[in-house]
Amino acid sequence: MLLCVGNFFGSTSDAEWEEYRTGFKKAPIPTYVLGANDQDTVSYFPDVSGCELAENITYLGRRGIFSGTSGLQIAYLSGTESQDEPTPAYSFSSKDVTELKTSLLSTPKFKGVDILLTSPWPRDVGNFGNSPGEIDTKKCGSALVSNLAASLKPRYHFAALEKAYYERLPYRNHIVLQETPQHVSRFIALADVGNTSKKKYLYAFSIVPMSLMDPAELVKQPQDVTENPYRKLRKEAHKAKTLVCAEEEPACQFFFDLNKNQGMKRPSDGKERGNSQPKQAKKPPQPTGPCWFCLASPEVEKHLVVSIGTHCYLALAKGGLLPDHVLILPIGHYQSVVDLSSEVVEEVTKYKSALKEFFRSKGKRYVLFERNYRSQHLQLQVIPVPLDLCTSEDIKESFIVQAQEQQIELLEIPEHSDIKQVAQPGTPYFYVELDTGEKLFHRIRKSFPLQFGREVLASAALLGLPHRADWRQCTAARPEEAAAAQAFRRDFQPFDFALQA
């Protein structure tokens with residue numbers, strides 16, 4: 001069959017179309033077309049519910065689902081997006097999209113459709129993907145089509161109207177670590193037929209209907225699969241779906257979920273049944289050699305220390321990305337967050353809360369990251385980013401996009417989850433946390449770029465300081481470092497719980 005998206009009639013002369021309409025000419029294979037995208041061609045489509053326009057040429061209709069005899073399912077939406085009331089004959093509204101979604105999502109065990117046909121591109125389809133060239137997918141296209149594609153999970157989505165060819169990398173339809181694997185989607189935009197630039201306007205492919213495929217084969221993830229470009233829309237839908245469950249779960253603001261008992265069940269006050277002796281705190285392991293970050297070590301540059309708690313301390317980063325780039329460090333020797341004892345975790349959480357309040361008072365949000373790879377002492381890097389510069393979603397998107405460019409799989413960790421559920425002690429990993437509590441995680445299997453966290457934050461997409469991505473290029477003289485630490489200490493004092501204890 002031949003499927004046509006975009007302007008089917010284009011600049012066709014009435015005389016040429018008349019030859020097909022009267023049967024003088026015949027389409028060689030069954031051809032299915034979408035409806036009008038402007039007022040000039042509305043008259044070619046006499047029945048909004050769909051009809052045969054000529055032998056072997058069928059207008060699918062305003063919106064709906066076409067099911068082939070083989071079980072192939074093709075969802076379609078004709079026209080362009082409109083906010084006007086009443087909706088013009090060549091347009092679709094939010095009501096059309098909602099009704100199409102409802103008709104399919106109410107189907108028992110709905111997994112998705114084989115093909116989705118729309119004329120407009122979906123807004124934001126380029127997110128996390130390969131470049132669409134001159135087309136700005138954040139501005140062009142339809143947000144309603146994005147919403148439709150996010151819900152219907154088409155294996156293939158075809159569109160046109162931008163007069164450009166763009167085959168996006170396949171994207172996943174499930175949230176890794178939170179949902180069972182699902183099939184991937186492929187978006188293909190086609191140029192206008194016979195264009196002088198010789199851009200691709202025809203795409204030939206064969207497809208086995210989803211209903212006939214082996215489930216394991218259907219959900220195979222190709223090597224070049226990317227994050228879902230409509231991740232934000234899917235996340236909002238997922239949140240709405242699980243709202244009741246979420247309300248029943250106890251809220252947890254901690255890096256670890258300290259409400260969960262680990263290993264053998266013990267009373268929450270640390271006492272064993274029938275025994276009033278408190279549990280002895282486990283001593284941290286000792287470093288095998290000199291450590292630059294153990295507070296008792298002579299190697300520590302103490303002039304950079306800005307706050308000392310019971311189990312942790314804060315220090316300005318040497319060669320910081322910004323003047324207020326700070327580190328949260330355990331006083332004892334721990335290699336990673338996964339190795340920390342519960343009392344150290346609790347104080348790490350207090351420092352994060354204090355830094356969040358401190359940076360918010362200055363119109364900033366923090367980004368925290370840890371690289372447990374080629375390091376022997378835990379360093380939680382905390383870097384503030386101006387609130388008016390970018391949103392938390394922008395920061396997440398930058399990390400995911402730049403990770404994909406370097407073939408690093410950066411996954412979002414479910415809310416309220418414990419990192420120990422994802423990484424065992426001794427496992428190399430990279431971890432990002434926003435002050436909203438959102439988290440991204442990568443398990444390092446071979447090598448990893450040591451400056452990755454700094455490079456992302458320093459990039460043009462965020463802070464615009466690429467020349468400061470390497471800390472060795474940013475070091476200052478000791479008196480200058482001491483003055484910066486003194487200034488930070490003074491400003492942070494009202495928020496420093498260690499001084500108030």
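Helix α7 (residues 342-361) and helix α10 (residues 478-492) pack with their axes 11 Å apart, at an angle of about 95°. Axes here are lines fitted to C-alpha atoms, for helices over the stretch in contact, and angles run from 0 to 180 degrees between N-to-C directions. Helix α7 is therefore roughly perpendicular to α10, a label given to angles of 65 to 115 degrees. On the α7 side the contact (heavy atoms within 4.5 Å) is made by Ala 354, Leu 355, Phe 358 and Phe 359; on the α10 side it is made by Phe 488, Asp 491 and Phe 492.

This is a predicted model, in which local features need pLDDT of at least 70, side-chain atom pairs count only at pLDDT 80 or more, and totals for chains, interfaces and linings use all residues. Residues are numbered from 1 along each chain as its sequence is written, and side-chain values use heavy atoms, with hydrogens and water left out.

The protein chain has 11 helices and 21 strands. These are DSSP runs numbered from the N terminus: helices are H or I with at least four residues, strands are E with at least two. Eight of the strands form an open sheet in the order β14-β15-β16-β18-β17-β20-β21-β19, with antiparallel pairing. Two strands pair if DSSP finds at least two bridges between them. Strands β14 and β19 (411-412) each have a single partner strand and stand at the edges, so one side of each lacks a neighbour in the sheet.

Helix α7 also packs on this sheet, where it touches β14, β15, β16, β17 (364-372), β18 and β20 (429-434). The direction of α7 makes about 145° with that of β17. Another helix, α8 (residues 392-405), lies across β17, β19, β20 and β21 (439-443) and runs at about 165° to β20.

Within the sheet, strand β14 (residues 305-308) pairs with β15 (residues 312-316) over 3 bridges. A hairpin of 3 residues joins β14 to β15, and Val 305 stands opposite Ala 315 in β15. Strands β16 (residues 326-330) and β18 (residues 380-386) run antiparallel and are joined by 3 bridges, with Val 326 opposite Val 382 in β18.

For the whole protein chain, 47% of the 501 residues are buried, meaning under 20% relative accessible area with a 1.4 Å probe, protein chains only. The average pLDDT, the predictor's confidence in each residue from 0 to 100, is 86, and 88% of the residues score at least 70. Over residues 242-280, however, the pLDDT is below 50. Where pLDDT is low, the predicted coordinates should not be read in detail.

Terms used:
Buried means under 20% relative accessible area, exposed over 50%, partly exposed in between (1.4 Å probe, protein chains only). Angles under 35 degrees count as roughly parallel, over 145 as roughly antiparallel, 65 to 115 as roughly perpendicular and the rest as oblique.
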